[in-house]
Amino acid sequence: MRKPIIAGNWKMHKTIIESVDLVNDLKVSLADVSPDDITVIVAPVFTSLYAVHEVLSKHWIKLSAQNLFWEEKGAYTGEISPSMLTDCGCNYCIIGHSERRQYFGETDESVNRKIRAALHFGLSPIVCVGESLDQRESSQTFQVIEKQIRGGFSDISSLQMGNITIAYEPIWAIGTGKTATPEQANEVHAYIRKLISQLYDSKTADQQCIQYGGSVKPNNVNSLMEKPDIDGALVGGASLEAESFTSLVLGTLKAYSKA
Ligand code: PEP
């Protein structure tokens, strides 16, 4: 039985005070939600992580970073290590977001190194994969996803896959207001699950949490979460306000029921 995960990627938004205000609001608006039914994660900017951790201490909402570097320490100006993130209270880290691949040159190889480092230091990776509009329109979606999964998960064991969340995020749907239809999204999720079954085994594939990301909003969350292979969402824009993020959590709880 899989449990859905809703994660809010705040990207490069919010000061420390704004971040703390938002999690305080979420603690109130999600008061009736049980962590037995859903995992809720927030991913603030680095400068807000520790302050948010303090507000969330002893609360069930989990904390994620948006990126990391694979070395533990050293002369890597501007980078942050996995152990520094756990030191700030992080449980998760988003890895290989398309904005990092697109603007900061991340490759499947660097994604793989980051995944292995995160796991080594006890962080659960949320690994993003997804095709561009050109790739979708030239029927390369499955090829692109297969390459990202094979490269990203090279040398990762089935046991380790249990600590990994995959986020399918078609690049053309991120921040554009253009969501993949539930059918389009589920088709790729089912493909990823089949690939995991081939690379590992059917038990690993059945248990694999695969989130959808790309303009998930309160008005489309239910139809996406009803689909059999969609296990929650990685959310950008709609995670920046307590009201919309709470609607996504409640909508997911209502629509998600997978044996
Ligand atoms: C994201 O940042 O991963 C994302 C899916 O953004 P948005 O929900 O704004 O499309």
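Student: In this predicted model, how many residues does helix α5 have, and what does it reach from its first C-alpha to its last?
Tutor: The model is predicted. Helix α5 covers residues 108-120, which is 13 residues. At 1.5 Å a residue the expected span is 18 Å, and the helix comes close to that, reaching 18 Å.

Student: Which residues of α5 are buried, and which elements do they pack against?
Tutor: The buried set of α5 is D108, S110, V111, N112, K114, I115, A117, A118 and L119. In an α-helix with 3.6 residues a turn, residues three or four places apart point the same way. The packing partners of the buried residues are α3 (82-87), β4 (92-95), α4 (98-103), β5 (124-129), α7 (141-152) and α8 (158-161).

Student: Which residue with a positive phi follows α5?
Tutor: After α5 comes a residue with phi near 85°. The residue is G122.

Student: Where is N67, and is it buried or exposed?
Tutor: N67 is placed in the loop between β3 (62-65) and α3. Its relative accessibility is 9%, and the cut-off for burial is under 20%. N67 therefore counts as buried.

Student: Which side chain makes a polar contact with the side chain of N67?
Tutor: Leaving out residues up to four places away in sequence, N67 touches F46, I80, L85, C93, I94, R100, E106 and K114. One of these, K114, is also among the buried residues of α5. The polar contact, at 2.8 Å, joins the side chain of N67 to the side chain of K114.

Student: How far apart in space are N67 and M84?
Tutor: In sequence N67 and M84 are separated by 17 residues. From C-alpha to C-alpha, the separation in space is 12 Å.

Student: Which backbone atom lies 3.0 Å from a polar side-chain atom of N9?
Tutor: N9 lies in strand β1 and is buried because its relative accessibility is 4%. Beyond four places in sequence, N9 is in contact with A43, Q66, I94, H97, L234, V235, G236 and S239. The atom at 3.0 Å from its side chain is the backbone nitrogen of K11.

Student: Which residues come nearest to the ligand?
Tutor: The ligand has 14 residues around it. By class, this shell holds 4 nonpolar, 8 polar and 2 charged residues. The nearest are K11, E169, G175, S215 and G236.

Student: How much of the ligand's accessible area does the protein cover?
Tutor: Oxygen atoms of the ligand lie 2.7 Å from a polar side-chain atom of E169, 2.6 Å from a polar backbone atom of G175 and 2.8 Å from a polar backbone atom of G237. On its own the ligand has 290 Å² of accessible area, and the protein covers 97%.

Student: What is the phi of S215, and is S215 buried or exposed?
Tutor: S215 lies in the loop between β7 (209-213) and α11 (221-225). Most residues other than glycine have a negative phi. S215 is not a glycine, yet its phi is positive, about 55°. With a relative accessible area of 9%, S215 is buried.

Student: What is the phi of K14, and how does its accessibility class it?
Tutor: K14 sits in the loop between β1 (5-9) and α1 (16-29). Although K14 is not a glycine, its phi is positive, about 85°. Its relative accessibility is 24%, so K14 counts as partly exposed.

Key
Residues are numbered from 1 along each chain as its sequence is written. This is a predicted model: local features need pLDDT of at least 70, side-chain atom pairs count only at pLDDT 80 or more; totals for chains, interfaces and linings use all residues. Side-chain values use heavy atoms; hydrogens and water are left out. A residue is near a molecule or strand if one of its heavy atoms lies within 4 Å of it. A polar contact is a pair of N or O atoms within 3.5 Å; within protein, one must be able to donate a hydrogen and the other to accept it, and residues adjacent in sequence count only if both atoms are side-chain atoms. Accessible areas come from the Shrake-Rupley method with a 1.4 Å probe; for residues, only the protein chains shown count as cover. Ala, Val, Leu, Ile, Met, Phe, Trp, Tyr, Cys and Pro count as nonpolar, Asp, Glu, Lys and Arg as charged, and the others, Gly among them, as polar. Helices (H or I, at least four residues) and strands (E, at least two) are DSSP runs, numbered from the N terminus. Buried means under 20% relative accessible area, exposed over 50%, partly exposed in between (1.4 Å probe, protein chains only). Contact means heavy atoms within 4.5 Å. The expected span of a helix is 1.5 Å times one less than its number of residues.
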